Amino acid sequence: MKVYSRLFAIFAGSCWLAVSALGEAVPAAANKTAVEKGFTLTETYEGSADTDGFISDINSSAGYVFNPHFSINMGVSYLFVNPSTSKTGTTSASGMGNPSLGFRYSRKGQMLDFSTGVNGAFPVASSAKGLSTGRVTFDWDNHFAHGFDLFTPFFDFGVANSVPDTRFLKRPYTSLGTLAHFEGGSEMDLGDKFSVSASGYYILPWGTQEIFVRGKKSSPGSTKGGVSLTRDDGINLGLDYNLTRFVDLSAGYSYSVYSVVNTVSFGVELNVASWLRKHRGE
């Protein structure tokens, strides 16, 4: 009963944000950013820190935007794991993460903007270091949003067989086990440079769950158990700053209600493809 109460609270909160935006804002004329067709290439450095330590990664991502609806993306990351000195049984570790391949379909509508995508990761990284589950993992994600003058309420839900990392939270483990994930909230545009966001999230696993602790040094391998291993819920707060046409900066805060953990995060993204187009005079 407690599980469904938390899920309902997150859904109700996202609906309240949407109603608030409808009451306070007028419809926007058009999306300010046009879809840039062609090849995409980005380099990102992200990290998050909490009482378990500091985890960061350098992510290289390449793809192709066929039209306003269809796109494909491939990526690979290199991770750096620095556990807290108070966390016994772990040590610093680094290595390549699992390469990924994703497909996404998007459509803008008068009432809702919708996108759906499937992303798969392939077991190349070290499971002994906790950087991989040793199995193929997938995530099917669905995103609903509607933009107003200042606010863009949104709701996400998906099904996966591994708890996904987000830009707000690099988890101290990788996992294997079926689950659903939900997030609802709103973004607020503060001008051409700044935007902020607030949301609530919920992870609802079922069946046997398995986790691989990142940086585990004693008895490398996984821990198996029930849904309590990966269940989670909490809030996310984010700040984005468009430094230049090619560089985006972000900062975030996440609070896990279930685990009672505070996490701060950051991100630096370089749009390499856009930079190359400018220097080629396109």
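This is a predicted model: local features need pLDDT of at least 70, side-chain atom pairs count only at pLDDT 80 or more; totals for chains, interfaces and linings use all residues.
**Entry 1**

**Entry 2: Asp232 and Arg171**

I turned to another salt bridge. The side chains of aspartate 232 and arginine 171 meet at 3.2 Å, N to O. Aspartate 232 belongs to strand β14 (residues 232-242), while arginine 171 sits in the loop between β8 and β9, so the pair ties together parts 61 residues apart in sequence. I checked both ends for burial. Aspartate 232 is buried, with a relative accessible area of 4%. Arginine 171 is buried too, at 7%.

**Entry 3: Glu46 and Lys170**

How far apart are the closest N and O atoms of glutamate 46 and lysine 170? I read 2.9 Å for this salt bridge. The pair links distant parts of the chain, 124 residues apart. Glutamate 46 is in strand β1 (residues 38-50), and lysine 170 is in the loop between β8 (151-160) and β9. Are these residues buried or exposed? Glutamate 46 counts as buried at 17% relative accessibility. Lysine 170 is buried, with a relative accessible area of 9%. I then followed the network. Salt bridges link Glu46, Asp57 and Lys170. A search of the whole structure gave me seven salt bridges.

**Entry 4: Strand β12**

I moved on to strand β12, residues 209-213. Why is β12 described as largely enclosed by the rest of the structure? Four of its five residues are buried, so the description holds. I looked up its pairing next. Strand β9 (residues 173-176) runs antiparallel to β12, and four bridges join them. Tyrosine 173 has valine 213 in β12 as its bridge partner. Strand β13 (residues 223-225) is also antiparallel to β12, with three bridges between them. Glutamate 210 stands opposite lysine 224 in β13. I kept one general point in mind: side chains in a regular strand alternate between the two faces of the sheet.

**Entry 5: Thr90**

Where is threonine 90 found? I located threonine 90 in the loop between β3 (70-83) and β4 (93-96). At 11% relative accessibility, threonine 90 counts as buried. I listed its contacts, leaving out residues up to four places away in sequence. Threonine 90 touches Pro83, Val213, Arg214, Gly215, Lys216 and Lys217. Val213 brings me back to tyrosine 173, its bridge partner.

**Entry 6: Leu270**

I picked leucine 270 in strand β16 (residues 261-271). Leucine 270 counts as partly exposed, at 36% relative accessibility. Which residues does leucine 270 touch, not counting those up to four places away in sequence? I found Leu41, Thr42, Glu43, Phe246 and Val247.

**Entry 7: Whole chain**

The chain holds two helices and 16 strands. Of its 282 residues, 38% count as buried. I took the contacts between residues at least 6 apart in sequence; 56% of them join residues at least 24 apart. The chain exposes about 15000 Å². Carbon and sulfur atoms supply 64% of that area.

Technical notes
Residues are numbered from 1 along each chain as its sequence is written. Side-chain values use heavy atoms; hydrogens and water are left out. Buried means under 20% relative accessible area, exposed over 50%, partly exposed in between (1.4 Å probe, protein chains only). Two strands pair if DSSP finds at least two bridges between them. Contact means heavy atoms within 4.5 Å. Accessible areas come from the Shrake-Rupley method with a 1.4 Å probe; for residues, only the protein chains shown count as cover. A salt bridge is a side-chain nitrogen of Lys or Arg within 4 Å of a carboxyl oxygen of Asp or Glu.
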